[in-house]
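Subject: Structure handover

Hello,

Here is the structure I promised to pass on to you. Have a look at it first, and then read on for what turned up in it.

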Amino acid sequence: MLCLIATTTLTPLPPKPLHFPPKPLNLPPKPTHRAKPMSSFPTLSASAHSGINDEPKTLIEFVGSGGVDVGDDLVILIHHLQCACKRIASIVAAPFGTGIGSVVGGGGKEIGEGRDVAKPLDIVANDVILSSLRNSGKVAVVASEEDDAPVWLTDDGPFVVVVDPLDGSRNIDASIPTGTIFGVYNRLVEADKLPREEKAFINSLQSGSRLVAAGYVLYSSATIFCVSFGAGTHAFTLDHSTGEFVLTHPSIRIPPRGQIYSVNDARYFDWPEGLRKYIDTVRQGKGKYPKKYSARYICSLVADFHRTLLYGGVAMNPRDHLRLVYEANPLSFLAEQAAGKGSDGRSRILSIQPVKLHQRLPLFLGSPDNIDELESYGDVQQKVNPGYEV
């Protein structure tokens with residue numbers, strides 16, 4: 001008798017996105033206290049510098065007593081923020097999400113208070129971060145690039161968060177790196193008795209010099225969480241085998257001078273004379289550094305800044321384009337904590353008082369010698385803006 005064997009073609013299941021739900025934090029009891037601004041945080045512990053531990057320190061271990069002790073409230077906030085960014089990293093990398101970053105209504109357009117047209121992935125990232133910050137119970141108000149006005153979450157939250165949920169999202173379809181940028185302030189208790197809308201704006205428009213923490217998350221070949229609590233700038237890389245951010249770049253120090261400039265020089269003929277002269281000089285090797293500079297430009301702010309932070313040089317957008325509150329201030333804070341500088345071409349970014357939530361300005365970030373030399377040319381801010389479509 002013949003035995004017939006039936007064959008079945010198996011259809012592979014589509015890959016499931018990775019999710020990293022927040023893990024419970026088992027923190028030792030401590031008295032709750034307000035976060036300290038900028039350099040008043042203690043310096044890193046010896047173990048954080050030495051690398052004598054067998055395993056890399058995780059982000060949450062670092063912000064506890066093992067690295068910089070920032071207090072339980074801020075540890076909980078950072079825990080929820082890192083979980084949100086892990087989820088965004090998963091969404092950005094998902095193959096079935098191709099096309100989700102397409103522009104709604106056309107590129108280069110603006111809505112509301114000078115905001116770019118929202119893309120679907122921008123909205124998803126904003127919702128993910130807002131939900132995580134609300135669940136933390138530690139945030140009074142969130143000011144986001146995606147919202148016309150700040151969102152008040154809770155009256156007793158000790159912190160204020162400003163955020164660009166997904167910078168560079170128009171690059172998603174081309175698999176170019178994107179990022180999240182954030183800054184953290186203490187809530188202004190002196191404004192507590194004001195109407196909710198008024199105190200939300202006042203809290204969100206604090207000067208960058210009052211930041212208690214800032215950071216960015218780079219979504220690229222690796223997912224990197226770079227952060228400062230006023231005691232240096234440190235980067236953590238996502239270990240996909242454990243789902244944890246581990247310390248890979250402690251105490252980053254930007255080189256005093258770099259040989260790379262990052263700018264869209266297709267706009268060269270719209271630049272002022274001072275900026276054209278600076279770029280012409282350094283790329284010919286006729287500046288204060290006697291070697292020819294190289295150009296590296298990704299058109300993704302987080303990616304261009306990350307490279308500049310590690311290798312030195314200057315990353316810039318000379319026109320009134322980048323947002324002071326949730327792009328320029330957080331990145332300038334990180335640059336300064338890494339011994340670099342952030343400037344609008346004339347003034348220190350962190351000394352500028354915001355007057356509008358979506359206020360735009362030129363931004364120059366990088367090595368101190370590069371920034372000083374660039375500013376010496378005087379006229380480096382681009383005032384001609386013909387309305388670029390890309």
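**What was found**

Arginine 323 and glutamate 327 are both buried, where buried means under 20% relative accessible area, exposed means over 50% and partly exposed lies in between (1.4 Å probe, protein chains only). Before going further, a word on the basis: this is a predicted model, in which local features need pLDDT of at least 70, side-chain atom pairs count only at pLDDT 80 or more, and totals for chains, interfaces and linings use all residues. Residues are numbered from 1 along each chain as its sequence is written, and side-chain values use heavy atoms, with hydrogens and water left out.

**Salt bridges**

Back to that pair: the side chains of arginine 323 and glutamate 327 meet in a salt bridge, at 3.9 Å from N to O. The term stands for a side-chain nitrogen of Lys or Arg within 4 Å of a carboxyl oxygen of Asp or Glu. Glu145 joins Arg323 and Glu327 in a network of such bridges. By this rule the count comes to 13 salt bridges.

Another of them connects lysine 199 and aspartate 155, whose closest N and O atoms are 3.8 Å apart. Lysine 199 lies in helix H5 (residues 196-204) and aspartate 155 in the loop between E4 and E5, so the pair ties together parts that are 44 residues apart in sequence. Helices (H or I, at least four residues) and strands (E, at least two) are DSSP runs, numbered from the N terminus. Lysine 199 is buried, with a relative accessible area of 8%, whereas aspartate 155 is partly exposed at 43%.

Aspartate 280 and arginine 283 also form a salt bridge, at 3.4 Å from N to O. Both lie in helix H6, 3 residues apart, which is about one turn of the helix.

Which order do the strands of the open sheet follow? The 8 strands run E4-E3-E5-E6-E7-E8-E9-E10, with mixed pairing; two strands pair if DSSP finds at least two bridges between them. E4 and strand E10 (244-252) stand at the edges with a single partner strand each, so one side of each has no neighbour in the sheet.

Strand E3 (residues 139-144) has 6 of its 6 residues buried, so it is largely enclosed by the rest of the structure. With strand E5 (residues 159-167) it pairs in the parallel sense over 5 bridges, and valine 139 stands opposite phenylalanine 159 in E5. With strand E4 (residues 151-152), E3 runs antiparallel, joined by 2 bridges. Here valine 141 stands opposite tryptophan 152, and 6 residues lie between the two strands of this hairpin.

**Helices on and around the sheet**

Helix H7 (residues 301-311) lies across several strands, including E5, E6 and E10, and runs at about 105° to E7. That angle is taken from 0 to 180 degrees between N-to-C directions, with axes as lines fitted to C-alpha atoms, for helices over the stretch in contact. Histidine 306 lies in H7 and is buried, at 9% relative accessible area. Not counting residues up to four places away in sequence, histidine 306 touches Tyr216, Leu218 and Ile224; contact means heavy atoms within 4.5 Å.

In helix H9 (residues 368-375), the buried residues include Pro368, Ile371 and Leu374. The buried residues of H9 pack against helix H6 and strands E13, E14 and E15.

**Aromatic rings**

How many aromatic pairs does a search of the whole structure find? There are 8, counting rings of Phe, Tyr and Trp (its six-membered ring) with centres within 6.5 Å; planes under 30 degrees apart are stacked, over 60 edge-to-face and the rest tilted. Phenylalanine 182 and phenylalanine 225 have ring centres 5.6 Å apart and planes at 50°, so the pair is tilted. They link strand E6 to strand E8, 43 residues apart, and both are buried. Tyrosine 278 and tyrosine 377 have ring centres 5.5 Å apart and planes at 75°, so this pair is edge-to-face. Tyrosine 278 is in helix H6 and tyrosine 377 in the segment after H9, 99 residues apart.

Best wishes
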